[in-house]
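Subject: Structure for you to look at

Dear colleague,

Here is the structure I said I would pass on. Please open it alongside this message.

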Amino acid sequence: MTKLEQYYSKFHEEHRLQTRHGQVEFRTTMRCIEQASRIVQAQKTDDSDDAAGKSAGKIKIADIGAGTGRYSTALCHKGYDVTAVELVRHNLEILRGKHEDIKTWQGDARNMPFLEDDSFDITLMFGPLYHLHGDSEKLLALGEARRITRPGGIILNAYVMNDYSVISYCFKAHKWAEVAAKGGLSADFHTITSDDDLYDYVRLDDIDRLNAAAGLERVKIVSADGAADYMRRELNEMSDDEFEAFCQFQLAICERPEIVGAGSHCVDMVRVRK
């Protein structure tokens, strides 16, 4: 198995999204998907009105890097037509074992010939861009997402953020000397990763550069978890009411530009130009 397969064969991603800090990320991200759904539903309704009143039909969603299906399953239950693509067989077997009405493929986000051009209204990439190193590899995945998404459709891309990783790993976990010794930080503290590293971290200007190169137009960008990953212990100590208030706080501030680059993940909602 590859290092990535070994990691996800042991790491319980579904459990992470059910922890309190994971619930914050999940709820914020699901709201982004629902916002994207309203955008494409309005487009489909307009298009169907122009086509002699034909029904707009179900919204088709591709979940690329679906993991064990936390998002795919939730979206299937909401009535979406979901296709899931996952690289790691262990994850895919868990997803398939749920026996949901989800079409599944094992595949790499950079090359998905089994999916047709312009065949999805919304495409999700909530994992692949974490692990692809450098612009060229990320652009392969963004290009495939653009290819399978219809013109006017929406792609939601998740990234892991540079500065959170530096704060949490280099300084909070006291790994700065180790990372610096191997040349893992630039002079301005941007992480420098190699193919041996599991994750590749970005800043907002990196995402902007990728969008320009991929020909994608931003609708909005949000912090998927805000302060949640900084305060996992505090979240676990909260009463249910206090935790719900924190979730509402996160939803209220997640689009604020001073928050977006500071969390551990962001979700970039982009449109495929018509």
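Below is what was found in it, from the whole chain down to single residues.

Please keep in mind that this is a predicted model.

Overall form

The protein chain contains 13 helices and seven strands. Its C-alpha atoms fill a box of roughly 65 × 45 × 40 Å along the principal axes. The radius of gyration is 19 Å, which agrees with the value near 19 Å for a compact globule of 274 residues. Of those 274 residues, 51% count as buried. The chain exposes about 13,000 Å², and carbon and sulfur atoms supply 53% of that area. Among contacts between residues at least 6 apart in sequence, 72% join residues at least 24 apart.

For a sense of distance, take Ala-181 and Lys-78: they lie 103 residues apart along the chain, and their C-alpha atoms are separated by 49 Å. Ala-181 belongs to helix H9 and is exposed, with a relative accessible area of 70%.

In soluble globular proteins, nonpolar side chains tend to be buried together. Here the largest nonpolar core has 37 residues, and those with the most contacts inside it are Ile-33, Ile-61, Leu-75, Ile-122, Leu-124, Phe-126 and Leu-156. Two or more residues each come from helices H1 (3–10), H3 (20–50) and H4 (70–77), and from strands S2 (81–86), S4, S5 (149–160) and S7. H3 gives the largest share, six residues.

Setting aside residues up to four places away in sequence, Leu-124 touches Ile-33, Ile-61, Ala-62, Asp-63, Ile-64, Leu-75 and Leu-156. A second, separate core has 27 residues, including Met-112, Ile-155, Ile-207 and Val-272.

Helix H5 (residues 89–96) has the buried residues Asn-91, Leu-92 and Leu-95. Seen down the axis of H5, these fall within an arc of 100°, so they line one face of the helix.

A buried aspartate

Asp-268 sits in strand S7 (residues 265–272). Its relative accessibility is 0%, so Asp-268 counts as buried. Which side chain makes a polar contact with the side chain of Asp-268? The partner is Arg-218, at 2.6 Å. Apart from neighbours within four places in sequence, Asp-268 is in contact with Ile-155, Leu-156, Asn-157, Tyr-159, Ile-207, Asn-211, Arg-218, Lys-220 and Ile-221. Of these, Leu-156 is listed among the residues with the most contacts in the largest core, while Ile-155 and Ile-207 belong to the second core.

Two backbone angles to check

Most residues other than glycine have a negative phi. Asp-118 is not a glycine, yet its phi is positive, about 55°. Asp-118 lies in the loop between strand S3 (103–106) and strand S4 (120–125). With 45% relative accessibility, Asp-118 counts as partly exposed.

Phe-189 also has a positive phi, about 65°, although it is not a glycine. Phe-189 is in the loop between helix H9 (176–181) and helix H10 (204–214). At 36% relative accessibility, Phe-189 counts as partly exposed.

Regards

Conventions:
Residues are numbered from 1 along each chain as its sequence is written. This is a predicted model: local features need pLDDT of at least 70, side-chain atom pairs count only at pLDDT 80 or more; totals for chains, interfaces and linings use all residues. Side-chain values use heavy atoms; hydrogens and water are left out. Helices (H or I, at least four residues) and strands (E, at least two) are DSSP runs, numbered from the N terminus. Buried means under 20% relative accessible area, exposed over 50%, partly exposed in between (1.4 Å probe, protein chains only). A polar contact is a pair of N or O atoms within 3.5 Å; within protein, one must be able to donate a hydrogen and the other to accept it, and residues adjacent in sequence count only if both atoms are side-chain atoms. Contact means heavy atoms within 4.5 Å. A nonpolar core is a set of buried Ala, Val, Leu, Ile, Met, Phe, Trp, Tyr and Cys residues joined through side-chain atoms within 4.5 Å. The radius of gyration is taken over C-alpha atoms; the globule rule is 2.2 Å times the number of residues to the power 0.38. Accessible areas come from the Shrake-Rupley method with a 1.4 Å probe; for residues, only the protein chains shown count as cover. The arc is that of the directions from the helix axis to the C-beta atoms.
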